Amino acid sequence: MIDALLPPLCLSCHAQVGEPGTLCPACWSKLVFVAPPFCACCGLPFEFDMGADALCGACLGDPPRFGRARAVFRYDDASRVLILRLKHGDRLEGVPAFARWMARAGGDILAEADLLVPVPLHRWRLLSRRYNQAALLVNALARQSGVTAIPDLLERRRRTPPQGHLNRAGRVKNVAGAFSLAERHKPTLQGKRVVLIDDVLTSGATVGECAKVLLREGAAAVDVLTLGRVIRVE
């Protein structure tokens with residue numbers, strides 16, 4: 001009766017679908033999922049298989065602070081609507097599906113993980129938005145994977161300006177010193193393998209700064225898992 005009155009709709013185009021929290025075939029086919037072969041460190045897709053441990057030029061030249069990064073799909077016109085509705089549109093019905101996709105995409109790093117930690121929002125931004133989309137993904141992913149979630153392990157102590165117009169160097173400078181560890185969680189962090197969760201990996205500046213704090217405060221390793229991944233075409 002409920003389905004007849006309120007039929008489940010596609011997360012992207014709102015066409016009727018068979019199950020809640022899913023995509024219609026047309027929208028599903030437009031997503032570009034990130035799959036091997038890719039850089040063993042940052043997960044950047046390769047055109048050709050270069051071997052299981054192959055690294056991209058960026059990771060060879062300037063290794064990131066995190067160990068590995070994985071993502072579900074390419075951040076493009078097709079996926080942007082899903083992420084922006086989650087981030088700014090109060091559309092949370094897709095979170096369980098996103099967590100399932102992330103559990104598959106990050107299976108290798110989740111298998112070794114001890115803790116799931118979201119990239120935090122500053123308290124004023126959290127107040128205006130009312131939720132942190134990364135924390136929602138962490139909680140749902142913890143239920144999927146069985147890995148312990150600590151949504152408030154990291155704190156954003158400085159409100160940073162939006163980064164959309166900044167290049168990589170500007171982004172690194174923008175987030176420098178913006179994060180800290182919540183002191184009450186310091187004993188829990190010691191020697192743990194952490195997976196940082198965010199909605200989109202762009203330049204890696206934000207997750208890199210978070211990883212720097214976690215490693216300095218006692219984490220054994222830090223990996224990154226996101227829903228989307230910006231892939232620039234040179």
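Ser 12 sits in the loop that runs between α1 (2-5) and α2 (25-30); helices here are DSSP runs of H or I with at least four residues, strands are runs of E with at least two, and both are numbered from the N terminus. This is a predicted model, in which local features need pLDDT of at least 70 and side-chain atom pairs count only at pLDDT 80 or more, while totals for chains, interfaces and linings use all residues. Residues are numbered from 1 along each chain as its sequence is written, and side-chain values use heavy atoms, with hydrogens and water left out.

With a relative accessible area of 12%, Ser 12 is buried (under 20%; exposed is over 50% and partly exposed in between, with a 1.4 Å probe and protein chains only). Neighbours within four places in sequence aside, Ser 12 is in contact with Leu 23, Cys 27, Val 81, Leu 82 and Arg 85, contact being heavy atoms within 4.5 Å.

Another loop, between α3 (57-61) and β1 (69-74), holds Pro 64. Pro 64 comes out as partly exposed, at 24% relative accessibility. Again leaving out neighbours within four places in sequence, Pro 64 is in contact with Cys 41 and Cys 59. Its C-alpha is separated by 41 Å from that of Val 17, 47 residues apart along the chain.

Then there is helix α8 (residues 133-145), whose 13 residues reach 18 Å from first C-alpha to last, close to the expected 18 Å (1.5 Å times one less than the number of residues). Its buried residues include Leu 137, Val 138 and Leu 141. Following α8 comes Gly 146, with a positive phi near 85 degrees.
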